[in-house]
Every structure is written in C-alpha cells, then in structure tokens.
Amino acid sequence: LAMEQTKTNPNVRRDVFVAPENLFPEMGYGSHPEEIIELVQNARAKMVELLTAKEIPNPNELRYMHPETKEMILKKINNPYYSGMGQHEAEEYAKKHIRATFDTQHLGMWWKHFQPLPGETYDDRKKRFDSWYHEVVDKMIDADIIGHVHAVDAMGGGHHHLPVGQGNIPVRWALERL
C-alpha cells in the first residue's frame with residue numbers, strides 16, 4: 001500500500017513507508033533494537049517475495065501433510081501481488097517503503113535492565129549503558145532501517161518526554177550520528 005500511495009497519490013511529496021516503532025522494553029517483540037532490525041529486514045524480504053514470486057504459499061492453508069510420505073507440503077496459489085519486477089528492483093522498493101521509527105527515549109528505557117555489576121559505580125554503569133546505546137544505534141544505522149525518529153530525552157529508564165539535552169540518555173549523540 002505504501003508503494004502504491006507513493007506512485008498514485010498526487011499529494012505525496014516523498015516516498016511513503018511503513019515504520020514500526022521500537023516500543024517500551026516490556027512491549028514484547030520488536031522493542032529491542034536487534035528485534036526491530038530483524039522485523040524490518042524480514043518484512044522487506046517478504047515484500048521482495050511478494051513482488052517477484054509468481055506463486056506464494058496459500059495464507060489460508062499454509063501446510064498440509066502428504067498422506068503417504070508424511071512430509072509437510074506448502075500449497076501454493078497465484079500471487080496477487082506479483083509485479084514481474086526483478087530481485088534488485090524489488091529490494092530497492094522494499095528498502096524505500098519499509099523502514100522503522102526510532103524512538104530515542106524508548107531505547108533509553110533499557111537502562112533499567114542494566115543492573116549494577118558487582119562493585120560497579122553508578123558512573124561506570126552509566127558508561128556501560130551509553131556504550132551499549134551507541135552500539136545499537138550504530139547497528140540500526142548500518143542496517144539502514146531508520147526512516148523516522150522520535151527525538152525525546154529522559155531521566156533514567158522511565159517514560160519521560162524531555163527536550164533533547166535535558167535528560168541523561170545520549171540522544172544528542174544519536175542525532176549527531178544520524
């Protein structure tokens with residue numbers, strides 16, 4: 001739908017994309033930065049399949065067991081999304097139309113999972129967290145999944161909405177890096 005809107009909607013000025021957001025750590029799959037990367041990459045792979053495969057597994061009857069061999073078989077149907085485009089072109093479309101929303105403050109909420117190590121000072125714990133924060137932001141950048149940013153600061157691992165620079169998570173660094 002995002003790809004079609006980009007092509008057909010006269011009011012669209014730039015590529016429309018679907019952008020799941022990294023949510024609170026307690027929200028389940030997709031909230032951890034590794035998971036949001038995986039989620040976007042898997043969605044892109046599925047979009048490529050839908051644009052390039054003439055047949056796809058039937059979503060209503062994904063599997064059945066062969067009565068004699070007991071092998072699981074995927075029933076296939078004609079792909080209603082088949083476009084005839086090549087693999088590379090489909091990958092480019094998927095990259096443009098499936099991105100992620102990176103919420104800087106939601107990533108900061110992982111602070112509460114950085115329990116102090118034996119003998120670790122608060123400052124050392126904060127350095128360890130900031131180093132992790134930098135590492136995962138770089139991973140999201142390297143994976144080229146970020147399409148939108150919620151730039152919000154916070155104090156500690158709570159859900160605050162402070163202006164950038166008024167909290168204690170490395171939001172300013174992340175924005176400069178982006």
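I take the expected span of a helix as 1.5 Å times one less than its number of residues. The model I am reading is predicted.

**Helix α5**

I checked the length of α5 first. Its 21 residues should span 30 Å, and the end C-alpha atoms are 30 Å apart, so the two agree.

Next I looked up which residues of α5 are buried. They are Arg125, Lys126, Phe129, Asp130, Trp132, Tyr133, Val136, Val137 and Met140. These residues cover an arc of only 160 degrees around the axis, which puts them on the same side of α5. An α-helix has 3.6 residues a turn, so residues three or four places apart point the same way. On the other side of α5 I find Asp123, Lys127 and Asp142 exposed.

What covers the buried residues? I list α2 (33–52), β5, α4 (104–108), β6 and α6 (171–177) among the elements that do.

I moved on to Asp144, in the loop between α5 (122–142) and β6 (146–150). Asp144 is not a glycine, yet its phi is positive, about 55 degrees. Most residues other than glycine have a negative phi. Asp144 has 28% relative accessibility, so I log Asp144 as partly exposed.

**The partner, Arg99**

I followed the side chain of Asp144 to that of Arg99, which it meets in a polar contact of 3.0 Å. Arg99 sits in the loop between α3 (87–97) and β5 (100–103). Is Arg99 buried or exposed? Its relative accessibility is 12%, under the 20% cut-off, so Arg99 counts as buried.

A polar atom of the Arg99 side chain also lies 3.0 Å from the backbone oxygen of Ile146. Beyond four places in sequence, I note contacts of Arg99 with residues including Phe17, Pro20, Val40, Arg44 and Gly147.

Notes
Residues numbered from 1 in each chain as written. Predicted model: local features only at pLDDT ≥ 70, side-chain atom pairs only at ≥ 80, totals over all residues. Heavy atoms only, no water. Helix = DSSP H or I, 4+ residues; strand = E, 2+ residues; numbered from the N terminus. Buried < 20%, exposed > 50% of the residue type's maximum accessible area, 1.4 Å probe, protein only. Polar contact = N/O pair within 3.5 Å; in protein donor to acceptor, adjacent residues only side chain to side chain. Contact = heavy atoms within 4.5 Å. Arc of directions from axis to C-beta.
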